[in-house]
Amino acid sequence: MSLNYVVAMLLIALGLYCLLLKRNLIKMVIGLGVMTDGIHLFLISMGYREGGIAAIVPAGMLQDNVAAGFASAAVDPIPQALVLTSIVINICIVALALSMAIWVYHHYGTLDPSEVRRLRE
Amino acid sequence: MIEIPPIIAIVLPLFGAFLTPIIATISRRYDAERKVCGWFTVAITIAMLLTVASMGARIWGGEVIVYRLGGWSPPWGIVLAVDGLNLLIALIVAGVSSLVAIYSLVYMRRDTRIDLYCALLLLVTAGAMGITLTGDLFNLYVFFEIMSISSYALVAFRRKWDSVEAGIKYMIIGSLGTSLILLGIALLYGMVGSLTIADLAQKLGQIAPSDVVVPLALLVTGFGIKIAMIPLHAWAPDAYQAAPSSISALLAGATTTAGLYAMIRVVYMMFGAFGVGTIFAIFGLVTMVLGALMALTQRDLKRLLAYSSISQMGYILLGVGFGTALGFQGSLFHLLNNAIFKALLFMCAGAILYRVGTTNLDELGGLGKNMPITAGLFAIGALAISGVPPLNGFASKWTIYIAGIEAGKAVFSLIAIIMSVLTLAYFLKAINSIFLGQRPKRLQNVEEAPLTMLFPMMLLAVLCIVLGVLPSLGIDLVAPAQGAIMNQSGYIHAVLGGI
Amino acid sequence: MMAGMTTIVRTISRLLFPFMVLFGVYIILHGHLTPGGGFQGGVIIAASFVMLWLAYSLEQSPIEFKLFRTEVLEAIGGLTLATVGLVGLVMGMGKFFGHVLPLGILGSVFSGGDLPLLNIGVGIEVAASIILVFYAMLRKVGWDEK
Amino acid sequence: MRRVVPFIAVLVVGAILIFTVTNNLPPFGSFPQRKLGAFENQSIGQRILENGPRETGATDVVTSVVWDYRGYDTMGECTILFTAVCGILMLFLATRGQE
């Protein structure tokens, strides 16, 4: 049973719902964050090994500069590294989007995206 | 053999961007911040162009330059791989960005914090260059984000209400697109357990196509948002209209090109999904028709150019969608031409904005007497984009029409020809209401644009004429790229097996 | 700008501040041995500054803030990364991010080749960036434009 | 109507995603194997676990991936942070340049 995957996908769908249907820029940014978190959860759970340990060589396994028995027990380090990268990217997006939302509020006096459409007229 | 040119081409603008704040802080003391930062950007971009061009001889000789970062061999580390397709796109990106940098020297004269503008400009370039030269899927995502985030910031650069509105719209839609790309990459990693494009290409061939439909759709949607394919185009007109004109030129010339490159690379060279072509052709057709129809009704020059940009992207998608050698040739040639004349047109719009202060077609008129050179350059660009014979747009559009007929989709070609006439119509309307007709009183004293701005425009116009008179030159330029698309196994072999 | 918080909060945050910075530095320096690294440590350092600002308000903060200095610091952090990469390119036989320093004994602080250096560079950059973001948002300079 | 269409879109996308992850992916917890149809392959992570500590000299394999095997990605990530900060400074502190 791949419950982890399903929950991650539900989070993504929830974020998408927030992004598409909420009428508030800040809530939309939150939705974006939730969606990205779902993706991160999905990536991390994909690297799980049945009964695995963290991808750090424990002190007990350090023998003569070689990590014995470690490789067959640890979880996949690559998705974790990807998620580390992706988290920082997400922080940057959220920070910039919120700054722009502050400016939108400054110019329009509202955060409702349906009223922020003067350019189209 | 040391294969350093690709990494130099990426690190140069990155290094430049990191250095810009320091240089600005030093030069601020001598009150020369503007000049120093501007010329620094120009120098960096031109150096980048030369670096890319230095790879030319080897790539066109049929070689694939592979650079392994940190010396790790491909499936485990990150690899940069440059074949004909990469080189063509890299040349376009570097060329457009260096011309935009020259143009910005004068155009951004009235804005504050020019050091941040220069840093962000270099970052867009670095992002586009990173996308273009990388051979690793996740790395492509990272550089896609660099390019996207810096272009969101640049769109909002003037902090007026329109820039901020366009910026946040672009930001929300664009971030949704990049999230979808990340999800697609995550699914692919889960299925295949690899991230190098060549390795993925090799392994995806052994998987049932029905299993990889969802990641393919996610990736195409993500890249489609960046190139403003029509159901996903909502950000484009606003962003092109509200951004500084130099940035509009960069968006049309560099970031869209890089997005389309990513699409071609992923769909055709990674998934090998030539069957998706028909869907592309249909999307291209819709994009082309709706873009042209919407452009007809616009009253603002930059918005009109934005819709025409969407429409031209439709032509390129149409050519890509045919999936034949001639189709790729035509659409890559049109990609090159589109970058040239679209940058030229946006720069002309910027020149008008710089001198007059508005691009609203109703308020303009009779500027041909005041700005004869700009008028001439705009006319060249407009005729080229409409596909009038002695100019470059004709050659590439003609190739796409022929490719459509050869692929048995003559209807598509017919519609494309009609849209070409429509393009001519709305550009004639624009020329008529800007440069001809009655001149309002308050436009009496408008001067010609400064020479620093005219220089890149003239260069682009000359390119328009040269590529139009000698289309074989352009075909020679894109032939290696088209050969690279058809030669999927050669790429895989060069990256995984080679050197 | 808010006026800051009560004396209790101010005193505690002032006392905690050096320890938080120290903890951040520890996380950065042990990045190649334990969970953590430049990003996490940098964020902790930035958080200690933000804590001071929230407790004292920006104007009365005991630590003086220099905008341009922080900007330059951020750029220097980024440059450290690119430079380490370039040094690898020049000295490591054409490998970008190739190791220049020796790998050392597995498990000790001075091991892992260039990793500690890169972690320090990224730590500086992240700390400076997050501080700048919070400063920009707290300060809201530019509001008077309208 | 303007709220119904996005809602249906969300439902459809969610259903497709859940269908994909339950049917087309290897089951949860099967890390080194990546199975799909007739195709069977090891994830690239396994080889890194085997050789990472020896090749990079870091006991934290994630750090060795972040900084060694994919160090270039991490440089890109720092660049993104730099980009975002440039954007935020430009949005909030731009008038300071005139002083």
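In this predicted model, Phe283(B) touches Met229(B), Ile230(B) and Leu317(B), leaving aside residues up to four places away in sequence. Phe283(B) belongs to helix H12 of chain B, which covers residues 277-296. Is Phe283(B) buried or exposed? It has 20 other C-beta atoms within 10 Å, and a residue counts as buried if 20 or more lie within that distance, so Phe283(B) is buried.

**Two residues with positive phi in chain B**

Asp31(B) and Ala228(B) may be described together. Phi of Asp31(B) is near 60°, a positive value in a residue other than glycine. Ala228(B), which is not a glycine either, has a positive phi of about 60°. Asp31(B) is found in the loop between H1 and H2 of chain B, while Ala228(B) lies in the loop between helix H9 (213-226) and helix H10 (235-242) of chain B.

The table gathers the residues discussed by their surroundings.

| Residue | Other C-beta atoms within 10 Å | State |
|---|---|---|
| Phe23(C) | 15 atoms within 10 Å | partly exposed |
| Phe283(B) | 20 atoms within 10 Å | buried |

**A pair of packed helices in chain B**

Two packed helices are described by the angle between their axes and the distance between the axes. Helix H1 (residues 5-29) and helix H2 (residues 33-54) of chain B pack at an angle of about 170°, and their axes are 10 Å apart. Angles over 145 degrees count as roughly antiparallel, and H1(B) and H2(B) are therefore roughly antiparallel to each other. On the side of H1(B), the residues making the contact include Ile8(B), Leu12(B), Gly16(B), Thr20(B) and Ile23(B). On the side of H2(B), they include Val36(B), Phe40(B), Ile44(B), Ala47(B) and Thr51(B). The residues of this contact divide into 14 nonpolar, five polar and two charged.

**The nonpolar core**

The largest nonpolar core has 327 residues. Which of them touch the most other members? They are Cys92(A), Leu96(A), Met100(A), Val155(B), Ala343(B), Leu344(B) and Cys464(B). Not counting residues up to four places away in sequence, Val155(B) touches Ser163(B), Ala166(B), Gly167(B), Tyr170(B), Ala239(B), Ala242(B), Ala243(B) and Ile247(B).

**Contacts between chains**

Chain A and chain D meet through 42 residues of chain A and 43 residues of chain D. Helix H1 (3-21), strand E2 (66-67) and helix H3 (77-108) of chain A each supply at least two residues to the side of chain A that touches chain D. The largest share of that side, 14 residues, comes from H3(A). By kind, the residues of the side of chain A that touches chain D are 31 nonpolar, eight polar and three charged.

Chain D is also in contact with chain B, and this contact takes 36 residues from chain D and 40 residues from chain B. Among the elements that give two or more residues to the side of chain D are helix H1 (4-23), strand E1 (33-36), strand E2 (39-42) and helix H4 (71-92) of chain D. H4(D) gives the most to this side, with 15 residues. The side of chain D that touches chain B divides into 16 nonpolar, 14 polar and six charged residues.

**Chain C**

Chain C has four helices and zero strands, and its pattern along the sequence is α-α-α-α. Of its 146 residues, 44% count as buried. Among contacts in chain C between residues at least 6 apart in sequence, 63% join residues at least 24 apart.

Phe23(C) has its place in helix H1 (residues 7-29) of chain C. Phe23(C) and Ile44(C) are 21 residues apart in sequence, and their C-alpha atoms are 7.7 Å apart in space. Helix H2 (residues 38-56) of chain C has 19 residues and reaches 27 Å from its first C-alpha to its last, close to the 27 Å expected at 1.5 Å a residue. After H2(C) comes Ser57(C), whose phi is positive, near 75°.

Definitions and conventions
Residues numbered from 1 in each chain as written. Chains lettered and ligands numbered in written order. Predicted model: local features only at pLDDT ≥ 70, side-chain atom pairs only at ≥ 80, totals over all residues. Expected span 1.5 Å × (residues − 1). Contact = placed C-beta atoms within 7 Å. Nonpolar A, V, L, I, M, F, W, Y, C, P; charged D, E, K, R; others polar. Core = buried A, V, L, I, M, F, W, Y, C linked by C-beta atoms within 7 Å. Buried ≥ 20, exposed ≤ 12 C-beta atoms within 10 Å, placed from the backbone. Axes fitted to C-alpha atoms, helices over the stretch in contact; angles between N-to-C directions. Parallel < 35°, antiparallel > 145°, perpendicular 65-115°, else oblique.
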